[in-house]
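Here are my notes on the two-chain model you sent. Please read them with the structure open.

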Amino acid sequence: MMDSYSKSMTELLAGLESGDFSSVELTESLLGRIATLDEKLNAFVTVTADEAMAAAQAADDARAAGNPGVLNGLPILHKDIFCTRGVKTTCGSKMLDNFISPYDATVVEKLAGAGAVVLGKTNMDEFAMGSSNETSYFGPVSNPWDLTRTPGGSSGGSAAAVAARFAPAATGTDTGGSIRQPAALTGTVGIKPTYGRVSRYGMIAFASSLDQAGVITRTAEDAARVLGVMAGFDERDSTSVDHPVPDYVAGINESVKGLKVGIVRQHFDAGLDAECGNRVKDAIAVIESLGAEAVEVDLPNIDYSVPTYYVVAPAECSSNLSRFDGVRFGHRAENADDLMDLYCRSRGEGFGDEVKRRIMTGTYVLSAGYYDAYYLKAQQVRHLIADDFKKAFADVDVIAGPTAPTPAFRLGEKVDDPITMYLNDIYTIGANLAGLPGMSVPCGFVDGLPVGLHLVGHHFEEQTLLRFAHQYQQVTDWHTTCPEGFE
Amino acid sequence: MSLSKDQVQHIAKLARLELSDDEYAESVMKLSKIVDFVDHLSEADTDGVVPMAHPLDVAQRLRSDRVDEADERDYYQENASSVSGGLYLVPKVIE
């Protein structure tokens, strides 16, 4: 039991199946670890210890009865953006500090149905708007590799917790890079599937045409295991796609020999830290040594992806967040003079600075006289970017490059300049705009801080990404290195 | 500054956000930076390009209009600050 925290889901499953330990023992040991070590990180908004112990007991009973689910008794965490019935669901905001969700998100329901044991809800940037976890109402999360640095965001709590070995897997959401960038900054694996692959039902909305749920793990095999449960059609999400879910775990063992890897020249220009670039180039060389062929591809409009995103995402955010009115749920201002005063003060008090900024940016680009110049224009440019990817994927199986321009930066370093913060997602945003699956895999260290290799695939080609990542992890050991203080 | 304080006040009103004086000052500066940044889009040649509203080439799915959920009104209303007789209460709208 002592070293179980460092094991992958695959290894833990073998231990549970052979009876080496029970889910109750495993859960108890990880909850103890969280109680001792999370004060260093602040990775949780809520630890659901009682619910976890009950779920672990139920999982052990199901196994004893010969009826285990595919993730039976395995510990996971949920980003606090997923609604969990009877449990506080805050989305990192004061606005929802008092919100007890009356229903489960489809992702929550599916993972519970497979027998997974939820240990808690992880900290995140407020309403998933941020790249450093510093916009959370519940305080920033620290990176286990250096406590003075950010774990990235917005799924920073999930990434930090998986890197710190609090659990082998945590859910996340990714609107512009919010799974992949924190995965890169914490040395974990993060996959954002194709838009529509995983149900968004019960996942608090930020930008509905970009948001997608995924998972953060330490190995590609574990990501395949969890994604296989999360993925699939859901009639409660009108953009969910009815497309068969392949056996991701079976698919990862196939060789990448003969597959083509596209390299985008612009992704290695002056914006990229030179040492990070070297680690990524080394990783691509490793993939070539496995028999894949690297070729250059061109995405001529990719430089427009960040400005396009910062029109489309705030526009959708301003619309989605209009539901927080202080009436049906969420923060409500005291002693309002009239309805207008109730709305304005509930929202003014309940939302943090970055969320207000995004709502106002979105309101501006949608307002009379500016719609064509900004919103319509951004939607057109989005089409150009998506077409560039489509052309590229006619010739290659994946596109590989850096996940983030630098390793983890210091907490406080970029909070005053929104544009510098936004540029963290320069390599990841394109996949969201085009609805493509993307993944980050640990590929080395710069001055003791992890670096991520970014892989993007064609629509519904998650299995190709997982296969590349798994084959790469078979010949590298970056993902098995544990941060100091968390061994 | 590409945005004036008047413009930011108008946007905040449309967005139903009450801001303090300090927040206004900061918003004018930071929103102007964001607007300047997204203005780069005007350099893209988009003549004749169809706007993309959805990342996949699919049509909106419809469902049949039937009741398929249990009535849990009282449970849902536990999240509201002010309810009475199954109704949500707000400040008086009509005198």
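A residue is called buried here if 20 or more other C-beta atoms lie within 10 Å of its own, exposed if 12 or fewer do, and partly exposed in between, with C-beta atoms placed from the backbone. The model is predicted, so local features need pLDDT of at least 70 and side-chain atom pairs count only at pLDDT 80 or more, while totals for chains, interfaces and linings use all residues. Residues are numbered from 1 along each chain as its sequence is written, and chains are lettered from A and ligands numbered from 1 in the order in which they are written.

1. Chain B, overall. Of the 95 residues in chain B, 18% are buried. The radius of gyration of chain B, taken over C-alpha atoms, is 22 Å; a compact globule of 95 residues would have one near 12 Å, by the rule of 2.2 Å times the number of residues to the power 0.38. Along the principal axes, its C-alpha atoms fill a box of roughly 55 × 45 × 25 Å.

2. Chain B, elements. Chain B has three helices and two strands, in the sequence order α-α-α-β-β. Helices (H or I, at least four residues) and strands (E, at least two) are DSSP runs, numbered from the N terminus.

3. The contact between the chains. Chain A contributes 54 residues and chain B 41, where contact means C-beta atoms, placed from the backbone, within 7 Å. On the side of chain A that touches chain B, the elements giving two or more residues are α10 (305-320), α11 (339-350), α12 (353-366), α13 (371-392) and α14 (418-422). The most comes from α13(A), with 11 residues.

4. Helix α1 of chain A. In α1(A), residues 9-18, the buried residues are A:Met9, A:Leu12, A:Leu13 and A:Leu16. They lie on the same side of the helix because they cover an arc of only 105° around the axis, judged by the directions from the helix axis to the C-beta atoms. These buried residues pack against α2 (23-37), α3 (49-64), β4 (169-174) and α7 (220-230) of chain A. The face turned away from the buried side carries the exposed A:Ala14 and A:Ser18. Just after the helix, A:Gly19 takes a positive phi of about 85°.

5. A:Thr122. This residue is found in strand β3 (residues 117-122) of chain A. A:Thr122 counts as buried because it has 33 C-beta neighbours inside 10 Å. Leaving out residues up to four places away in sequence, A:Thr122 touches several residues, among them A:Phe44, A:His78, A:Asp80 and A:Ala170.

How values were computed
Two residues are in contact if their C-beta atoms, placed from the backbone, lie within 7 Å.
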